[in-house]
Amino acid sequence: MSAAASGPVIGILGGGQLARMMALAGLPMGLRFRVFDPHPDACAGEVVPLTLGRFDDAVALERFADGLSLATFDFENVPADSVRALNACVPVHPGSAALATAQDRLVEKTCFNALGIPTPGFVAVADRAGLDTALAVLGAPAILKTRRFGYDGKGQFRIRSAGDADAAWAALGAQATTAGLILEAFVPFQRELSAVAVRGRDGSFSSWPVTQNWHVDGVLSISLAPARVAREVEQQAIAHVRALAEHLDYVGVFALELFEVDGRLLANEMAPRVHNSGHWTIEGAETSQFENHLRAVLGWPLGSTAARGHACMLNFVGAMPDVRALLQVPGAHWHDYGKAARTGRKVGHATLRADDPALLAERLERAASVLGHGVQVTRVVAQLHGNP
Ligand code: AMP
């Protein structure tokens with residue numbers, strides 16, 4: 001018998017921390033990986049072989065596909081044409097239809113509404129006059145966003161009153177033809193939630209408990225799971241992700257970001273991949289989002305998405321804190337992505353876990369004295385004590 005490894009080989013488009021955590025989840029299951037990324041310092045390249053190439057280089061992608069069992073993503077802005085070309089060589093999950101929907105905020109929100117998933121009001125903006133028309137329809141405050149290529153709050157301009165229209169256009173107008181623009185009504189939400197779900201190749205479906213998220217400057221800072229939401233809100237969220245997964249014939253893990261306003265949910269956007277607000281599942285759920293994504297794309301049975309107690313994920317943006325101080329907190333788990341420190345860059349995260357909310361609150365307060373998440377930790381602790 002040959003001594004060579006024989007498990008499936010999975011190609012991941014994008015070699016960031018999501019690919020790295022996916023590979024770290026899959027290696028114990030006998031899976032092998034290769035990642036494709038334009039950056040030589042892509043952090044998944046520290047744990048699995050990295051192929052350098054541009055996402056719009058269909059020829060390089062086809063070469064990458066050679067020897068793979070299947071391909072998946074850690075980055076959704078791969079051109080749909082490249083994905084179609086890749087799919088001719090090797091099965092790609094999720095498919096190009098789901099990606100194309102998630103890549104364009106206008107297409108995405110139109111799809112949500114068609115499925116009966118409510119969204120903030122929105123109007124497409126083609127030119128400067130179109131911005132005035134959209135503002136007349138939606139009123140202010142509103143947010144002008146690029147339809148494509150935006151992430152972590154980038155490609156957005158908050159319009160507080162109609163007088164801000166010129167400034168918004170100066171900031172984003174140049175992208176009207178390249179990325180497209182959309183104006184969205186500003187939602188005075190009480191909470192930001194996300195539903196992370198998984199659908200298998202056989203249509204099996206499961207979702208993790210809804211997560212509450214806190215952002216700073218459009219970047220995720222803290223996630224708490226299970227979110228302390230009313231049963232009806234949880235059920236609404238699950239119904240939305242299920243409808244979306246079935247409509248898109250989705251295979252793999254995805255996230256739906258939601259605003260909660262007076263007990264109602266409005267969908268902001270979907271991410272057709274494992275998601276930052278699902279990192280808590282590594283220690284806080286029976287099966288992590290990374291393992292279940294792999295099981296789904298391989299056509300393997302899905303694992304339980306039940307929570308193991310209560311978990312809070314704290315993102316490290318810019319630089320890592322002191323590992324020894326944080327790990328003194330019981331129930332703390334440390335994740336360093338091996339990325340160079342840089343302003344605004346996600347470089348790692350920690351997850352605190354506890355069997356009950358009061359204990360998690362206590363652990364969070366201890367962690368807050370080490371980390372810079374002070375003000376927000378107070379809000380998370382209030383949630384854990386049942387005071388939204
Ligand atoms: P996005 O890139 O669409 O996920 O937006 C980043 C963050 O901006 C969200 O997590 C919200 O905190 C905020 N945001 C985006 N859209 C809206 C909206 N329509 N109303 C209020 N806040 C928003």
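**View 1. D262 in the loop between strand 13 and strand 14.** D262 is found in the loop that runs between strand 13 and strand 14 (264-271) of this predicted model. Its phi is near 50°. That is a positive value in a residue other than glycine. D262 has a relative accessible area of 65%, so it is exposed.

**View 2. D249 in the loop between helix 8 and strand 13.** D249 sits between helix 8 and strand 13 (252-261), in the loop. Phi of D249 is near 50°. Here too the value is positive and the residue is not glycine. The relative accessibility of D249 is 54%. Exposed means over 50%, so D249 counts as exposed.

**View 3. The cis peptide bond from A225 to P226.** The bond joining A225 to P226 is cis. Its omega is near -10°. P226 lies in a loop.

**View 4. The cis peptide bond between A140 and P141.** A140 and P141 are joined by a cis peptide bond. Omega is about 0°. P141 belongs to the loop between helix 6 (128-138) and strand 6 (142-146).

**View 5. The aromatic pair F36 and F55.** The model holds six aromatic pairs. In one of them, the ring centres of F36 and F55 are 5.9 Å apart. Their planes meet at 45°, so the pair is tilted. The two residues come from distant parts of the chain, 19 residues apart. F36 is in strand 2 (residues 32-37). F55 is in the loop between strand 3 (50-52) and helix 2 (58-65). Both F36 and F55 are buried.

**View 6. The stacked pair F55 and F75.** F55 also pairs with F75, and this pair is stacked. The centres are 5.1 Å apart, with 25° between the planes. Again the pair links distant parts of the chain, 20 residues apart. F75 lies in the loop between strand 4 (70-73) and helix 3 (80-87). How accessible are F55 and F75? F55 has 11% relative accessibility, so it counts as buried. F75 has a relative accessible area of 31% and is partly exposed.

View 7. Ring pairs link F36, F55, F64 and F75 into a cluster. A charge sits over one of these rings: the charged end of R34 lies over F64. The distance from the charged end of R34 to the centre of the F64 ring is 5.5 Å.

Definitions and conventions: Residues numbered from 1 in each chain as written. Predicted model: local features only at pLDDT ≥ 70, side-chain atom pairs only at ≥ 80, totals over all residues. Heavy atoms only, no water. Phe/Tyr/Trp six-rings, centres within 6.5 Å; stacked < 30°, edge-to-face > 60°. Helix = DSSP H or I, 4+ residues; strand = E, 2+ residues; numbered from the N terminus. Buried < 20%, exposed > 50% of the residue type's maximum accessible area, 1.4 Å probe, protein only. Lys NZ or Arg CZ within 6 Å of the ring centre and 35° of its normal.
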